[in-house]
Amino acid sequence: MKASTASASAWDRVWLGANLTTMPGLPAYNDRHGPNELGEVRDAALAIKDGRIAWIGTRQQLDTLQWSAATVTLAEGLWITPGLVECHTHLVYAGDRSNEFAARLRGATYEEISRAGGGIVATMKATRAASEDQLLDQSLPRALALAAEGVTTLEIKSGYGLDLDNELKMLRVAQRIGEITGLTVVKTFLGAHALPPEFAGRQEDYVRHVCDEMLPAVATTKLADAVDVFCERIAFTQEQTRRIFARARELGLPARLHADQLSDGNGGELAADAGALSADHLEHTSEQSLQRMTERGVVAGLLPGAFYYLRETKLPPIERLRELNIPMAVSTDCNPGTSPIASLLTAMNMACVIFRLTAAETLRGVTINAAKALGLANNRGTLEVGARADLAIWRLRHPEQLCAEVGVHRPVEIVRTPR
Ligand code: NIG
Ligand code: FE
C-alpha cells in the first residue's frame, strides 16, 4: 500500500471507512494459503483525482494528513473492489440459438450441430443479415447486463462475420458499445472462428484470406487490439493458427487463443510460442503445454459457463495451474452457442462450484488476473495509486459473498474513469 506524504492534497472524491480489496499483483498469483491475497484493507480511505486513484491507506493514516476533497463519502460497511474485468466475450451477435439448445436436450452434441451447419455459422448468417444498428440494438443489452454487475472493462471478439465487411461491422459495434456505455471495450479480431460457407472445402484459402486480406485491413482500421483463433478439430489446425499468429505479430497485434476446449490441440504451447496474453478454456490442455505457459507467463482464461452449458466432464487442470503459478482469469465467454450467460457474477459462482476455485482465486480472476489477460494490469483490476479510478462499491459483509450467493448482489455504486 502506498501512502502519499503530500501535505495538502486536493482530491475530487474520497471514501472514508470503506473496506478495500486492492488485488495486489502478487508473485504467487494463486497462493490459496498466502496472507491477504485479496490485499484487504479494513477501515480504509481511498481518494481519486482526475480519474486516477490518488491515495489509499487506512483511515488512521489519513488522519495524519492534510487533505480536502470536493466530495466526501462516508462508506462504513461498504467494500470497494476494482471495477470488474470481463476478459473473454462474444457478446456482439444477432439472433439466438435456443433451437440448438433444444436439440442438444434431445441428444445432439455441439460438434454434431456445428458439422451440420449450425453452431457458429448459424450465428454468422444472422449477424451478416443484421444492419450495424440492428446488431448494436441486439448486443447492447448484454453489455449493459455485465456493466450493471460492476464490470468496467469488457473484451469483445468478432468472429460471426467471417468476411471482412461483417467482421469490421462487428468491431465497430463493439466500439460503439464502449462509447455508449462508458465501459473500456477491448476488441479482438476472431476471423478464424469458423470456416464461412463460401470457402467450403477450401480452408487453406480462407486462412490465406485471413492473413493476407483481413488481418492487414483490421490492423489499418485500428479496430482491434488483439487477434484470437479457435484452434480445434472443428475449426482451425495448429499449423494454421501459427501462421495467423505470425502475421498478427508482423502487424503488431498481440495474440490470444481458444485452446484445448474440446480436445488437446497443443493450444497452451501454441499460445506460449506466440507470446499470447492468454490461452482460454484449457479443459484438455497437456502437461507440456502448461509448462510452456508458465515459462512464458500466459494467463489461463477459465470459462466455466461454457463447461456448464455443454455439460462437459473434463475439468481444466486447476491444481496444476496452481502449482505452476499460472495466473487464472475467470470470464463468462458470453456467446449464443456455448455460454449465453451475460452475468460475470454467475460465472464466478460456477468457477467456485464447478471448477472448485477458491473465492479468493475467483475474485482475483475477475480483477487483476483478467486485467493481466488483457495486457492492462498496469492500471486496471487493482486498487493502487495511479491506477484508473474504475471502482465497484458493494454493501457486503465480505466480497466472498459475490462468489457464494447468486442473483443477489449488485454494486451500490460504480465509478468509471471518463474516457
Ligand atoms: O468460446 N469456442 C469457440 N467459440 C465460442 C463458441 C461460439 C459459438 O458456439 O457461437 C466459445 O465457446
Ligand atoms: Fe470463446
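Is D333 buried or exposed? Select D333 and count around its C-beta atom: 29 C-beta neighbours lie inside 10 Å, so D333 counts as buried. The cut-offs are these: 20 or more other C-beta atoms within 10 Å make a residue buried, 12 or fewer make it exposed, and anything in between is partly exposed, with C-beta atoms placed from the backbone.

Before we go on, a word on what you have open. This is a predicted model, in which local features need pLDDT of at least 70, side-chain atom pairs count only at pLDDT 80 or more, and totals for chains, interfaces and linings use all residues. Residues are numbered from 1 along each chain as its sequence is written, while chains are lettered from A and ligands numbered from 1 in the order in which they are written.

**Stop 1: around D333**

Stay on D333, which sits in the loop between β13 and α13 (344-353). Helices (H or I, at least four residues) and strands (E, at least two) are DSSP runs, numbered from the N terminus. Now show the contacts of D333 beyond four places in sequence: H88, T89, L303, G305, A306, T338 and S339. Contact here means that two C-beta atoms, placed from the backbone, lie within 7 Å.

Next, select H88, H90, H258 and D333 together, the residues that UniProt lists under "binding site" in an unreviewed entry. They span 246 residues in sequence, yet no two of their C-alpha atoms are more than 12.0 Å apart, so they gather at one spot. UniProt positions follow the numbering used here, feature names are shortened, and annotations may be inferred rather than shown by experiment.

Click on H90 from that set. H90 belongs to the loop between β6 and α2 (98-105) and is buried, with 28 other C-beta atoms within 10 Å. Apart from neighbours within four places in sequence, H90 is in contact with K157, G159, C334 and N335.

**Stop 2: ligand 1**

Now show ligand 1 and its shell. There are 13 residues around ligand 1, and I120, A306, N335, G337 and T338 come nearest; a residue is near if its C-beta atom, placed from the backbone, lies within 6 Å. Colour the shell by type and you get four nonpolar, eight polar and one charged. In this scheme Ala, Val, Leu, Ile, Met, Phe, Trp, Tyr, Cys and Pro are nonpolar, Asp, Glu, Lys and Arg are charged, and the others, Gly among them, are polar.

**Stop 3**

Switch to cartoon and select residues 79-414, the range of the UniProt annotation "domain: Amidohydrolase-related" (unreviewed entry). Over this range the chain is 44% helix and 15% strand, with the end C-alpha atoms 12 Å apart.

Look for the open sheet of eight strands, ordered β6-β7-β8-β9-β10-β11-β12-β13 with parallel pairing. Its edge strands, β6 (84-86) and β13 (328-330), each pair on one side only. From one strand to the next, the twist averages 25 degrees. Pairing requires at least two DSSP bridges between two strands.

Helix α8 (238-250) packs on this sheet, touching β8 (184-192), β9 (226-231) and β10 (255-259), and its direction makes about 175 degrees with that of β9. Such angles run from 0 to 180 degrees between N-to-C directions, with axes fitted to C-alpha atoms, for helices over the stretch in contact.

Zoom in on β8. Nine of its nine residues are buried, so β8 is largely enclosed by the rest of the structure. On one pairing, five bridges join β7 (151-157) to β8 in parallel, and K157 stands opposite T188. On another, β8 and β9 pair in the parallel sense over three bridges, with A192 partnered by V229.

**Stop 4: K372**

Select K372 in helix α15 (368-373). Why does K372 count as buried? Because K372 has 27 C-beta neighbours inside 10 Å. Beyond its sequence neighbours within four places, K372 is in contact with V299, P327 and A377.

**Stop 5**

Finish at β2 (40-49), where D43 lies. D43 is partly exposed, with 13 other C-beta atoms within 10 Å, and touches G17, T58 and R59, leaving out residues up to four places away.

Here the pairing is antiparallel: seven bridges join β1 (8-21) to β2, and six join β2 to β3 (52-58). Pick out A18 opposite A44, and I48 with its bridge partner I53 in β3. β2 and β3 form a hairpin with two residues between them, and D50 in the turn has a positive phi of about 50 degrees.
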